[in-house]
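Hello,

Here is the structure we discussed. Please look it over, then read my notes below.

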Amino acid sequence: MIFLATFDWGWLLAALLLGFGMGWIAVVHRGHGVPKNLARWLAALVAALLAAALARVIPGRPGYWLDLGLLMLALYLIGCGIGSCLRDWLLPRPASAS
Amino acid sequence: MRGLVRWSSKWWPGTIPLAVLWALAAWTSTSPLETELAGRSTAALKDILLDKSQIAVSGRDVALAADAFSEQGRRSAVAAIEAVPGVRLVNDETRLVPEAKPFVWSAERDVVRVTLTGSSPLPASKGKLLEAARADLGGVEVVDQTNLSRGAPPHFDDAALLLLNQVAKLKDGKITISDSKVSLSGMARDLGGREAIAASLKNLPEGFSVASNEIKAPPYIFQANKDPVTQTLTLTGYVPDNNVRAAIVAAAGRKFFSEKVVNNLKESLGAPSGFAGAVVPALGALSRLSTGTLVVSDREVKLSGDALYEAASSQLRANLFKGFPQGWQVKADISVKPAAAPVDATVCQQLFSEVLAKGTIRFESGRSNIDPDSVGLLDHLIEIALRCPTTNIEVAGHTDADGDSATNQALSEKRAQAVVDYLVKAGLPATRFTAIGYGSTQPVAANGTDEGKAKNRRIEFVVKEQP
């Protein structure tokens, strides 16, 4: 993990920043969210992929790509979380003020 | 927290650029990552003894193929790769180096090169042996065809190093270690090389033994050449040591009464057994030739030359095989010297006196048996007697003054008679010879010294015209 973090730090940072940007926007975004059912399925899929990565069942390059993908996703989500919370905290929306 | 859940449902659009980012990351980073891990894995194996090690990296997984020299070495190689940061899985494709049974190593030398074949225990040993072979054999091409195997006996390196040193002493041949048995065959480079190798083999490390040693040596050659013109006996070739050299030179001095002995002998190991016992009688046979050569090559004696007269030639042929140690071969190529022109009684007497001035007929101490060392001298006397067939010869025996006169008288008579008998046996008519004993009554030197006594103990030939 530490090796991947040091080796691919640029890509991970990009994922984090992308997440931060997306989180920042998400607070004021008026579009549709992911339906709950689909969100569950997606969560289950990610959990299954995480399990596969931890169990190291996927060999060779695909194994590495899975690790990299999950790591980038994790940092994206962290970025999203930080972005959303920061936006919410710094800029109270007019809707909530009324 | 509720806000976060609500917002998170709207985070999905970012996953599309994230997927693109991921694809780009996978596309660009895989190859550098694999190179980095291969480098780190290779470095991790640096201090672990392996043969034919190959590292293949796919993603973060490392496939290690190698020949290890022990189970422990194999395990530690895998553990070393597993410990490399970033490595996810290790595919263990290592195996143990095959075990050789029996463990055979050999060094073969031919005219142009030395070839090492069979098994070597470890890469370090292989390198060390090759280096040692190059150093020992200075300049000779060394070809290493050994394979690495397990199962070498303890102290293998020391044994192989010692044997490589022996290969340097060979002209051609092969030295083999099979488990702890050593076999040698071939031809030593120098005389004595075989003995030097046999001596070195005593230093083989504990546990090793010599199964067969069939190293041959170049022929051990001794030569003696009798040249009547220059009156020399030239000794060349080899003798085993200084004592044998002294004994041979002394025997030559006794047997060759008129020749100067030129000693060009060299000392060397490797003489066949019974060397001195064969050379001394062979020199005796040579002393009976007018001109001749004696060649002793290993255990083969070759005598060639001209006998002084017919009977001597047949006696030589008949007696040549007597007195040689067992296992020796004798070859003779003896012709007879053409008879010299007849001479009258005065010249005959002169010739006898000249020969007897140079040499004395010797007998066993206190007895009348002729010393074998005197046969050469007797042959010369017979040759002279044959040149003056019309004369009668008085063979006169004299003794020194030791002992009582009656005994001396009897001894001198017996000795004179023994000489006459010898002459008759050689084919001269008995009627031409008279044996007379004078005891100690006619000394030619003072009997006070050993030298004087030796001069007084003598046989004289007195030539008389036939009536």
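How many residues does the contact take from chain A and from chain B? It takes 34 from chain A and 27 from chain B, where contact means C-beta atoms, placed from the backbone, within 7 Å.

The model is predicted: local features need pLDDT of at least 70, side-chain atom pairs count only at pLDDT 80 or more, and totals for chains, interfaces and linings use all residues. Residues are numbered from 1 along each chain as its sequence is written, and chains are lettered from A and ligands numbered from 1 in the order in which they are written.

On the side of chain A that touches chain B, α1 (2–7), α2 (9–26) and α4 (60–90) of chain A give two or more residues each. Helices (H or I, at least four residues) and strands (E, at least two) are DSSP runs, numbered from the N terminus. α4(A) gives the most, 15 residues. By class, this side has 20 nonpolar, 10 polar and four charged residues. Ala, Val, Leu, Ile, Met, Phe, Trp, Tyr, Cys and Pro count as nonpolar, Asp, Glu, Lys and Arg as charged, and the others, Gly among them, as polar.

Now helix α9 of chain B (residues 310–319). Its buried residues are B:A312, B:S313 and B:L316 (buried: 20 or more other C-beta atoms within 10 Å of the residue's own, C-beta atoms being placed from the backbone). They lie on the same side of α9(B), because they cover an arc of only 100° around the axis (taken from the directions from the helix axis to the C-beta atoms). They pack against α8 (275–287), β16 (300–307), β17 (329–336) and α11 (375–387) of chain B.

Best wishes

Conventions:
A residue is buried if 20 or more other C-beta atoms lie within 10 Å of its own, exposed if 12 or fewer, and partly exposed in between; C-beta atoms are placed from the backbone. Two residues are in contact if their C-beta atoms, placed from the backbone, lie within 7 Å.
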